[in-house]
Amino acid sequence: MKAMKMLRYATMLVFVLASIRVITGATDLTSTGTASAALLLSVPIVLAALGGLFSERAGVVNIGLEGMMIMGAWAGGYIGSQHGPWAGLFAAVIFGSIGALVHAIATVSFGVDHVVSGVAINIIAAGLVRYLSTLLYKGGSWPGPSQSPGVESISLNGLPVLSGGQYFGWKSPDVLGSIANLKWFFISDFAAILRGLTGSVSYVTVVAISFVPLAYFILWRTSFGLRLRSAGEAPYAAESLGVNVYAMKYAGVLISGGFAGLGGGFLAIVAASNYQENQVAGRGYIGLAALIFGNYRPGGLLAGAGLFGFADALQLRDSDSIHALLLFIVAILVFVAYRKFKSGKQVSALISLASAGFTLWFYFSVDELPGQLVTMTPYIATILVMALASQRLRMPAADGIPYRRGGLR
Amino acid sequence: MSNLFTRKLTPSKVGLAVAAPLAAAIFSIIISSLAVIASKKSPIEAFTTMLQFGTETGSLMEVINTATPYYIAAIAIAVTFRAGLFNIGVEGQLRLGALFSCYIGAMFVLPPVLHVAAVFIVAMTFGGLWAAIAAYLKVKRGVNEVISTIMLNSLAGGLSAYLLSKHFALVEVGSNNLQTKELPASAQVPDLMPILRTLGVEDQPGGGVYGMFFVAVALGFVFWFVVNRTRFGFELRASGLNPIAARVSGVNSKRMTFMALVISGAIAGLSGLPEVLGQTHSYNLGFRAGIGFSAIAVALLGRNSAGGMAFSALLFGFLEVSSRSLELIDIAPETYVIMQGSILLSSVVAYEVVRRFRLTLQSNELAKVVQA
């Protein structure tokens, strides 16, 4: 039932995007390249958001995701360049967890304010990796004191039959690719996007995305998950039933750091080919925003991360598409105005309609958006989505409240 | 009656007050020493080199110049901390404040003091407006200000780059540096060399102490006075300490939230100015980044009190400036980031431990009083 609803939304979305593509000629909106870039850019955000999920479900706010990702990216780049990409990813998980351990000790054992500790970790992580980079820098063939040497890439593959790829020497046909090339309205758009999501995908991406249902299973279908969530909803009640709340919170935060570290390692090893300073660039925060947007649920955070990944992919690939996307915003605003009008809120309907008019005017008054403004797209999307969605969200009841066994604060 | 409930100073209270900073200092010295040992150098040599270089007159002036924007920005953050909020967006607010004050300030000429005041107002207006977005989203749409101000930081970065390159910058032939038109002399803040010379300080090659130093000091006093001695400050702290109790006793907590964020943004707008008005006289691509983030650490370390933040701003400035001398003895100057970070984390933890210890002591003494 829920899957049907999701499918309907996805179909509607592709239909609107395809229409805008036809109207504006911005072919990159629904191209295979955009879809695969969006997937690639979504994965670190998904991983960060999954990290946030475990931590916040256990009742610990984790602003420190950013710092843990930085640690993971650094370890992924430096250890990956010396011992191969898989060792790099493993090291990324370990380094992310080390950052998380500091967060857990500060917040769970010592009861420090969660946001304060998280921000401290972000500041420290950024400084620590800068220090370690200069310490390790050897000159010679190394690219620079703020970059790691290159990491060997992890191979890519496609879904058999549908989107090409190589399987044991057998070259699979590329059905979706040939449909996409037919240039039929909507059907080809759909095929192109699907092919982008399933063709030439890194194995790490597949593993990372499969963590989303796994996280759902662990948190909502196992007794460990129930205990972990109870630590975030009602720690004192959980304690009275014999749950070791400290252990649950430690587990949540450590898993969180592992995911965030893996997200950082993904940035260095899969999305790029070495570690560079400022590579994480706020993705930990965006992951947190995706989690909040997704109402602290695995499916929701996947949708949120996908949205940010899509916005990011468009701004990286083609600024024309962002310009065309203004029409998409117009469509959404008109839709909102219609809904508001139906529910009898004339004033908000008028405001939405006026905003739609302004956006439309802006669309026609500029031919293309300047590069510096285009880079702002994912952040604007985050703010807009939070502004629209925030009031319907429910965070875990005891999230961010320091817990002390026995109730003495 | 117990000593812990009175304002009287007793050995145990003094001990508790000193314990946290002392423990934090020892812990961070250990961590920093480990960092130095990791570069195969002697920590004692490193610390003495830093101390020697850092206490030279020229370095001390630089320390103050580094600390001044940190201090102003830390006050901006402390305003929100006191109200139970957290403005991480200082970085973006100060960038826009500096950009617009340079652009608008260079458009006209006013008598000296008035012109500087006008530039201040422009910086505060734009810093405040940028923070008002987060404040509106928080009050009207329930968006967490931590997330929204982080996003606004990134937006401010993009917006200022766009405005500078496309609209505000002078086009200079043969130069890659983009900068706004130079501020007229009436908008520049002179350094404090004339005053320092009368005190017997000699001229230094690096230039003098920014005149904005006085502004920072004055702002510190105003912050202390408003927060601790006015009704507004009381309501601010009340809504931070216990929002429900504040609302029940008639404090309009939404208004306080909005005001705290906007005031914070306005102060943040000022924190980009010391360098701009005192040295560069224009906004350019090399505008110093990261003030807003270091200031978070300064505010946390200084416990959001005017005096504490002054101390921690100077400490951070000192570490930053004096660590440059480490290069002379082949240690990465970036070591200072480790020092700052370990001081921050250990002090945050130490203060929390001492707070809990004090609570336990208080409840024990209370139990004794009740039993007696």
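**View 1. Residues 146-164 of chain B.** In this predicted model, the end C-alpha atoms of residues 146-164 of chain B are 27 Å apart. The span is 100% helix and 0% strand. An unreviewed UniProt entry lists these residues as a "transmembrane region".

**View 2. Helix α6 of chain B.** Helix α6 of chain B runs over residues 145-168 and has 24 residues. A straight helix would reach 34 Å at 1.5 Å a residue, yet the end C-alpha atoms of α6 are only 30 Å apart. Is α6(B) mostly covered or mostly uncovered? It is mostly covered, with 18 of its 24 residues buried.

**View 3. Where chain B meets chain A.** Here 38 residues of chain B are in contact with 36 residues of chain A. Which helices of chain B each supply at least two residues of the side that touches chain A? They are α1 (11-38), α5 (112-141), α6, α13 (291-301) and α15 (335-371). By class, this side of chain B has 24 nonpolar, 9 polar and 5 charged residues.

**View 4. Confidence in the model.** Chain B has a mean pLDDT of 88. Of its residues, 96% reach 70 or more. For the complex, the predictor gives an ipTM of 0.85 and a pTM of 0.88. Where pLDDT is low, the predicted coordinates should not be read in detail.

Note on methods. Residues numbered from 1 in each chain as written. Chains lettered and ligands numbered in written order. Predicted model: local features only at pLDDT ≥ 70, side-chain atom pairs only at ≥ 80, totals over all residues. UniProt positions renumbered as here; feature names shortened; annotations may be inferred. Helix = DSSP H or I, 4+ residues; strand = E, 2+ residues; numbered from the N terminus. Expected span 1.5 Å × (residues − 1). Buried ≥ 20, exposed ≤ 12 C-beta atoms within 10 Å, placed from the backbone. Contact = placed C-beta atoms within 7 Å. Nonpolar A, V, L, I, M, F, W, Y, C, P; charged D, E, K, R; others polar. pLDDT = per-residue confidence, 0-100.
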